[in-house]
Amino acid sequence: MMRNWAGNVAFTAAAYHRPATIEAVQAIVVAAAAAGRRVRAIGSGHSFSTVAAIEPGGEIVSMLGLSRVVSIDREAMTVTAEGGIRYGELATALHRAGLALHNLPSLPHITVAGAVATATHGSGVANGNLATAVRAVELVTADGSLLRLDVDDPRFAGSVVGLGALGIVVRVTLAVEPTFDVAQTVYRDLPFDVACDLLHEVMGAAYSVSLFTDYQRGVFQQAWWKGRVGIDSRAPASLLGASPAAVALHPIESVSAESCTEQLGRPGPWSDRLPHFRLGYAPSSGNELQSEYFVDRSHGAAAIAAVIDLADELASVIQISEIRTVAADELWLSGSFGRDALALHFTWIPDQAAVLALLPRLEAALAPFDARPHWGKLTTIGPATLRGLYPHWSDFDALVGQLDPAGTFTNPFLDALLRA
C-alpha cells in the first residue's frame, strides 16, 4: 500500500504504473477503461486531501517517469515540459537557459502538473498562481487519445485547474521571461495590529511577501521579504518596526534553517530565492498536516482577525501559519478566480482527528468571507458549499461529462462533487 508524503492518505490501488512515455500512459488508460477500472495520476504525493486517491480496484499512474523539459520556444517565450517534472528541476533548467517563471511554490519538490491541477500558488500581490503561467495542457483522455487545449480553446479556463478529472496531463506549456535575481530578508516580530492596519502595504512591500505566526504571541514572528533586484527597492532597515533577522531562520524557529533558501539579503537567482526551501533538502519528514483558505484580499484583515480570535483553540494543533497573496485569475476552479486573494495557510501537528475536530470552527469563522479551501489540503467544507464557491462549477461539471462521460478519472473525492 502506498501513502502520500504526510502519511495520512493511503493509495489502495490494484495496480501501480510508472510510465516513461506518453504512449505508455495511453496504453494504460485504454486497458483500464476497457476493464472498467478507474485511473488516477499522482505526482510528488504532497496533497493532504484525497484529491488524488483511488479506491481499491483502481489504478495509479505515477507521473515521476515523465519529467523532461521538451522544448523552449524563445520567440513565443514558452517552455514545454512533461507533467511529472518538479518545479525545482524545471527552474534550474530555465535559469541555465537565461529564463524564468513568474512564480514558484514554497516547496520546489512538487510536480508541475499536480501543482497546476490544484491551483497551488506562491506569493505576491501582482503574481498569479502557478497555473496562470500555463499556455497549453496536453492530456490523455479516457479513450487514450492525446488532447491539446491552449489559451484559444473555450475549454481552456476549465481544464488547467482540472483536479485530474479530465484526463492525465502529460505535457504543460508555460510562459517564461528573462531570468532575474531576488534578495530575501526575514524580519522578526511584526505586531498584528500594525500588519492588519497596513495589510496592503505590508504584502505589497516586495515582489513576494509571506507572514508567519502561530497566533500565540500577538505578532507575526517572521515576515519573509523577497525583493526582485532592479525592480524593488533594497530591503528596508525596518519593516513597520520589525527588524531584520541576524541569522537565517526556518518558519518554525525551533527547526534548523539548513533546508531553507538563502536569506540575509544576499541576491541570487529567482530559482533559489522564490521557494522557501531548497530542492536538495526535505523541508521536514512529512510529520505534519496542512489546510489553506483563500479569501478576497479586501477582507484580508478581517479574516486574519477572525483567526486571531481562535488563538486559544488553535494552540494545541498548530505548528505555524503562513499568510500570502495571490493575484486574481480567470481559471474556473482557482482559489483566486475573479478576486485578488489572501491565502491563510495552516501547518498542523500530525493528528488528523484533532485537526478535523477543529476545522469546522475555523471554517465557520472564515465562512463570511467565502473562503475557498485549497484542493490539495484538509477541509471539512461540504460538497454543496464547495460547489457554490465557484461561479463556473456547472460549466466544469459539464466539461467533465464531455471529456470523461464514464468517469474513468474520477474518484470518491470527485464523486461527491460532480453531477450532484
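Which strands does helix α1 lie across, and at about what angle does α1 run to β11? The legends below start with that view.

This is a predicted model, in which local features need pLDDT of at least 70, side-chain atom pairs count only at pLDDT 80 or more, and totals for chains, interfaces and linings use all residues. Residues are numbered from 1 along each chain as its sequence is written, and side-chain values use heavy atoms, with hydrogens and water left out.

**View 1. Helix α1 lies across β9, β10 and β11.** Helix α1 spans residues 22-34, and β11 spans 168-175. The helix runs at about 140° to β11. Axes are lines fitted to C-alpha atoms, for helices over the stretch in contact, and angles run from 0 to 180 degrees between N-to-C directions. Contact means heavy atoms within 4.5 Å. Helices (H or I, at least four residues) and strands (E, at least two) are DSSP runs, numbered from the N terminus.

**View 2. Five strands form an open antiparallel sheet.** The strand order is β6-β7-β11-β9-β10. At the edges stand β6 (69-73) and β10 (146-150). Each has a single partner strand, so one side of each is left without a neighbour in the sheet. The twist averages 15° from one strand to the next. Two strands pair if DSSP finds at least two bridges between them. Between β6 and β7 (residues 78-82) there are four bridges, in the antiparallel sense. V69 stands opposite A81 in β7.

**View 3. Three strands form an open parallel sheet.** Here the order is β3-β5-β4. The edge strands, β3 (15-17) and β4 (39-42), each pair on one side only. Neighbouring strands are turned by 20° against each other on average, direction ignored. Three bridges join β3 and β5 (residues 59-62) in the parallel sense. A15 faces E59 in β5 as its opposite residue.

**View 4. H345 sits in strand β20.** The strand covers residues 341-348. Is H345 buried or exposed? H345 counts as buried because its relative accessibility is 6%. Buried means under 20% relative accessible area, exposed over 50%, and partly exposed in between (1.4 Å probe, protein chains only). The side chains of H345 and Q290 are joined by a polar contact of 2.9 Å. A polar contact is a pair of N or O atoms within 3.5 Å; within protein, one must be able to donate a hydrogen and the other to accept it, and residues adjacent in sequence count only if both atoms are side-chain atoms. Not counting residues up to four places away in sequence, H345 touches Q290, S291, E292, I320, S321, E322, R324 and K377.

View 5. Helix α7 spans residues 300-308. Its buried residues are G300, A303, I304, A306 and V307. The arc is that of the directions from the helix axis to the C-beta atoms.

**View 6. Helix α11 has a buried side and exposed residues facing away from it.** In α11 (residues 393-403), the buried residues are W393, F396, D397, L399, V400 and L403. Their arc around the axis is only 160°, so they lie on the same side of α11. What covers them includes β10, α4 (156-159) and α10 (383-388). S394 and A398 are exposed, on the face turned away from the buried side.

**View 7. V125 lies in the loop between α3 and β9.** V125 counts as partly exposed because its relative accessibility is 24%. Leaving aside neighbours within four places in sequence, V125 is in contact with M203, G204, Y207, R297, T325 and A327. N8 is 117 residues from V125 along the chain, and their C-alpha atoms are separated by 32 Å.

**View 8. L240 has a positive phi although it is not a glycine.** The phi of L240 is about 50°. L240 is found in the loop between β15 (219-228) and β16 (243-244). L240 is partly exposed, with a relative accessible area of 37%.

**View 9. L264 has a positive phi in a residue other than glycine.** Its value is near 60°. L264 lies in the loop between β16 and β17 (267-269). At 36% relative accessibility, L264 is partly exposed.

**View 10. C196 is buried, and so is C260.** Relative accessibility is 16% for C196 and 1% for C260. How many disulfides does a search of the whole structure find? The search finds zero, a disulfide being a pair of cysteine sulfur atoms within 2.5 Å.
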